[in-house]
Amino acid sequence: MKISSTASAVRATFTPTEIADLQFVIEAAERAGHNMPARVPNIIAALARSADDVRMKQAMKRAEKDRIKRIEQERRDRERQFLIGEDYSVMASRADYADAARDPDAHQWVDLVFHEIMQRPLPEQCEIRRDVWLVRVLQLDGGTLGAVVGSDCTETADPSQIRPVAEQMIARFEGRA
């Protein structure tokens, strides 16, 4: 509680807990039969409303903080990055993907939601994989990004499938080189 006086009034700042304590004391005094001025119930009601406003603002702030933490955690849960040896960078992101390649032997995975937003048609016989990892592998050249090794999708959402898919792409890439 903070109290300061001005030329014409006293200014007091209460926490919601202090207001509840004050309300309890006044209600106890009324039950004990003490005579209260007529404006005391109005003052206590105004203080109680203000305390409710403070509690609501605090709850909204906590909810916003929790929302931001949840969004960050969801992003971390949907993204993975690591190195295989010193030569390859692996990045994986989890979502729904569709194979937009016209050639049935080739794969060109696109984010299904993004593709729908862009309103681009998919091939009639395209493969759709829901809640899987799109694995992208890049070859590093002296610490900078070099050649694109490729990208492919896992079969399931199991993150343990990311490394084997990346290693298969690297083996194919090194076999061509």
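Trainee: UniProt positions are given in the numbering used here, feature names are shortened, and annotations may be inferred rather than shown by experiment. Which residues does UniProt list for "coiled-coil region"?

Mentor: The unreviewed UniProt entry lists residues 54-81 under that name. This is a predicted model, in which local features need pLDDT of at least 70 and side-chain atom pairs count only at pLDDT 80 or more, while totals for chains, interfaces and linings use all residues. Residues are numbered from 1 along each chain as its sequence is written, and side-chain values use heavy atoms, leaving out hydrogens and water.

Trainee: What is the chain like over residues 54-81?

Mentor: It is 89% helix and 11% strand there, with the end C-alpha atoms 42 Å apart. Helices (H or I, at least four residues) and strands (E, at least two) are DSSP runs, numbered from the N terminus.

Trainee: And how is the chain divided into domains?

Mentor: Domain 1 covers 2-75 and domain 2 covers 85-175; the bounds come from an automatic or database domain assignment. Their C-alpha centres lie 55 Å apart.

Trainee: Turning to helix 1, how many residues does it have?

Mentor: Helix 1 has 16 residues, 16-31, and its first and last C-alpha atoms are 22 Å apart. That is close to the expected 22 Å, which is 1.5 Å times one less than the number of residues.

Trainee: Which of its residues are buried?

Mentor: Pro 16, Ile 19, Ile 26 and Ala 29 are the buried residues of helix 1. Buried means under 20% relative accessible area, exposed over 50%, and partly exposed in between (1.4 Å probe, protein chains only). Seen down the helix axis, the buried residues of helix 1 fall within an arc of 145 degrees, so they line one face; the arc is that of the directions from the axis to the C-beta atoms.

Trainee: What do they pack against?

Mentor: They pack against helix 2 (40-78), where contact means heavy atoms within 4.5 Å. On the face turned away from the buried side, helix 1 carries exposed Thr 17, Phe 24, Val 25 and Arg 31. After helix 1 comes Gly 33, with a positive phi near 95 degrees.

Trainee: Changing topic, how many salt bridges are found in the whole structure?

Mentor: The search finds 7, counting a side-chain nitrogen of Lys or Arg within 4 Å of a carboxyl oxygen of Asp or Glu. In one of them, Arg 130 meets Asp 96 at 3.4 Å, N to O. This pair links distant parts of the chain, Arg 130 being in strand 6 (128-141) and Asp 96 in strand 4 (88-99), 34 residues apart. Arg 130 is exposed at 53% relative accessible area, whereas Asp 96 is partly exposed at 23%.

Trainee: Which residues are linked in a network of salt bridges?

Mentor: Glu 127, Arg 129 and Glu 155 form that network. The closest N and O atoms of Arg 129 and Glu 127 are 2.7 Å apart, and Arg 129 also meets Glu 155 at 3.3 Å, N to O. Arg 129 lies in strand 6 and Glu 155 in the loop between strand 7 (144-153) and helix 4 (162-176), so this pair ties together parts 26 residues apart in sequence.

Trainee: Is Arg 129 buried or exposed?

Mentor: Arg 129 is buried, at 12% relative accessible area. Glu 127 is partly exposed at 32%, and Glu 155 is exposed at 56%.

Trainee: Finally, what is the phi of Asp 131?

Mentor: The phi of Asp 131 is near 50 degrees, a positive value in a residue other than glycine. Most residues other than glycine have a negative phi. Asp 131 is in strand 6 and is partly exposed, at 31% relative accessibility.
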